[in-house]
Amino acid sequence: MSNESLSLFRLENSIKSEFVPFDAKTIKKNIPSFSINETLNTKYVQPLFSELISNVPQGNQPKVILISAAGATGKSELTNYLSASLKMPIFNLSNHNPVASNSLTGLFFDCLGHIELGKFVEKLKTGQSTLIIDALDEGYIKTTVQGFNSFLDGIVEISSDSKGTPFILLGRTQVMEHCMFYFDDKNIDAKLLSIEPFTVDQAKEFIDKQINEQRYIQQYKDLRDFIIQSVEGFFQSQSEVNKKQYKSFIGYAPVLLSITKLLQKESNYKGLFEELSQKEDKGIDLIISIVEYILQRDKEEKIKQQLLPNLLKHRDEMFCELVNDKAYSIDEQCARLLHLQLTKSFSISLTEDAQFNGQYEEKIADWIKEHPFLEGSKIQNAVFESYIIARLILNPIYKESVYEYLKLKYKDAFMLFFIYHKLDSAKNIESSFFPYLYSSLKSLDDKFAYSSINIEEKSCSDEHVICDVEFELSDREDQYNFEMFVDKNTDLYLGNSISNASINSPINILLDGNRCELISPVTINCHRIIINSSEFIIEKGIKDSVGVIFECDECKIDYSKGQNPTVLNHLNENQKFQIISLERPEFPFSDNFLNSDTLTKLDPMLKEKYLKLRKIIVLFRSHSKGRMGRFKEKIEDERVTGYSVGKKVLAALIKSKVLYLEGTQYFIDPTKIHEQLGVSYNEIRLRVINEKTIEFLKTIEN
């Protein structure tokens with residue numbers, strides 16, 4: 001990884017030495033997925049890039065440049081800028097059929113015809129042309145892994161003997177890493193870059209270009225700077241990678257668009273500055289305040305002043321007060337915007353007067369189309385969208401519509417997690433909402449920082465389990481804690497991509513979707529695991545992690561969709577995919593089976609001690625500072641230690657210094673665990689037991 005940021009100017013210069021602009025006239029047939037942007041956005045603020053991975057020898061030019069970022073962080077704007085600036089065509093996989101081996105040549109033939117196809121491929125090989133391929137993540141989702149890799153083979157074929165950089169690829173981080181490793185295996189010189197958040201100066205430039213304030217410049221700057229200083233640093237890592245602003249909240253484009261929307265409508269900069277400065281809101285709190293300020297002002301300045309006066313003529317004072325108070329509330333605005341996206345009708349019974357309600361609905365149906373959250377007919381950025389979802393999911397009246405929107409329209413945006421965390425004062429997650437919240441936080445994952453999830457049983461009855469749910473970011477010490485109610489008769493769906501996850505609860509886990517990816521470490525200890533996916537992919541994640549372990553009463557394949565799952569296991573020799581259960585699972589998971597009854601040869605008391613020891617040890621997880629830690633109250637909880645045997649095992653682990661207490665947490669000493677027990681932490685997770693382990697257990701009183 002490079003220590004220096006790469007500017008867009010340098011990136012452009014590195015690929016255009018022999019470059020010949022693409023002639024849009026050569027396009028014979030218009031196809032939605034193939035285009036060229038000919039209009040340069042004068043308000044575009046050029047980002048910086050950090051280099052994540054490169055296999056390009058010093059002095060050489062990469063054959064493929066990959067650019068990754070989390071959702072809604074400027075990939076589309078960058079694509080449009082590069083296309084307009086360098087006259088590069090765009091192949092957008094989100095608008096294309098599922099890709100496979102001949103997708104590239106087929107596209108070129110359909111758009112350019114036989115003669116121009118050959119000319120364009122030749123220009124790609126000679127460094128005279130570059131093709132931008134956008135939305136790799138969406139292309140990956142639409143097809144199988146093998147189909148997607150066959151598509152990448154088309155890129156490999158053209159790039160292998162090319163002289164320039166024939167391809168620039170853009171997509172979300174996880175898929176771009178898959179592409180990078182694939183190109184590396186095929187000996188293609190490639191470089192994976194990441195779009196960095198805007199710096200504070202770039203954030204100011206972004207807002208200034210949108211506002212273009214000419215009259216009250218100083219008052220505008222005072223307000224702009226106050227907001228930026230209040231928001232800045234929400235996502236700055238305390239350790240700061242290479243001293244750069246890292247995942248800085250203020251550098252997130254949708255946040256800046258929210259600030260811009262506020263300032264565009266503001267005529268009294270000084271008044272707003274005084275109002276905001278009296279509050280203690282910082283970071284995410286200020287952004288929520290800004291969002292709610294926009295919503296509240298739309299009611300006060302539009303609906304109450306312009307729409308309602310005519311409707312309320314000749315109405316008595318009490319009726320007017322009721323309507324002015326209830327009409328166009330924040331929940332109502334959010335619900336109307338959500339239903340507009342779903343193209344579904346929406347109405348409320350504002351009063352008991354049906355005639356008035358009808359008049360109100362008729363008028364408001366036009367007003368909502370001009371809402372400040374909209375750009376055209378769509379919600380204009382991920383902050384507004386995340387706020388609407390988080391607000392309405394907490395309201396039982398609108399919950400069904402929110403889930404419909406999530407299934408049909410929503411794409412992961414990290415803001416959803418943090419806005420929901422602030423709005424949900426009870427800190428409860430519905431099990432059906434969990435996968436959306438989890439994937440929201442996971443959209444931040446990259447090589448520098450990653451999210452993790454821990455789900456543990458808190459209490460249990462015959463009908464349900466209440467779980468403690470902890471989310472963490474590796475570059476922050478903050479934990480985000482929730483409770484989740486899980487019905488024992490339902491299956492908890494985690495999402496189609498699971499990583500850095502530890503689950504220890506007697507619930508049913510569903511691994512669903514056309515493709516299910518598990519990225520080590522993943523440990524699931526539950527009642528039942530149901531697999532209902534066509535492609536089951538296990539990837540290596542954190543170095544030296546245990547791998548992927550299922551420990552359950554039963555592991556079943558659901559064949560109801562007619563699929564036969566395939567397993568692609570990419571773990572290295574130091575990591576394992578292990579299924580620990582009483583019954584051997586069906587093919588193709590049968591080779592990974594370990595019978596959970598392997599301890600039957602042990603003396604019953606030794607077996608009980610070992611199971612208690614293992615239950616304690618497996619609770620430990622990697623701490624943000626690199627140690628294996630767990631809070632004291634979690635380890636000493638009766639659900640973990642039980643009564644006399646468990647407490648004696650814990651005491652022995654502390655006495656032998658396998659565990660040590662520091663402040664409010666216990667930590668594992670990896671040297672002592674091997675010295676005293678003869679096994680490592682990972683081996684204990686895999687139920688490895690040897691003579692030294694047995695000797696240690698025998699020293700513990702019965």
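Which residues in α15 meet which residues in α16? On the α15 side they are Glu-385, Ile-389, Leu-392 and Ile-393, and their partners in α16 are Lys-399, Val-402, Tyr-403, Tyr-405 and Leu-406, with contact taken as heavy atoms within 4.5 Å. By class, that makes 7 nonpolar, no polar and 2 charged residues; Ala, Val, Leu, Ile, Met, Phe, Trp, Tyr, Cys and Pro count as nonpolar, Asp, Glu, Lys and Arg as charged, and the others, Gly among them, as polar.

A word on the ground rules: this is a predicted model, where local features need pLDDT of at least 70, side-chain atom pairs count only at pLDDT 80 or more, and totals for chains, interfaces and linings use all residues. Residues are numbered from 1 along each chain as its sequence is written, and side-chain values use heavy atoms, with hydrogens and water left out. Helices (H or I, at least four residues) and strands (E, at least two) are DSSP runs, numbered from the N terminus.

Turning to the nonpolar cores, these are sets of buried Ala, Val, Leu, Ile, Met, Phe, Trp, Tyr and Cys residues joined through side-chain atoms within 4.5 Å, where buried means under 20% relative accessible area (1.4 Å probe, protein chains only). The largest has 123 residues, and Ile-227, Phe-433, Phe-434 and Phe-471 touch the most other members. Helix α11 (residues 284–311) gives the most to this core, 13 residues. Apart from it sits another core of 44 residues, including Ile-36 and Phe-167.

As for Phe-434, its contacts include Ile-429, Val-469, Met-484 and Tyr-493, leaving aside residues up to four places away in sequence.

Methods. Buried < 20%, exposed > 50% of the residue type's maximum accessible area, 1.4 Å probe, protein only.
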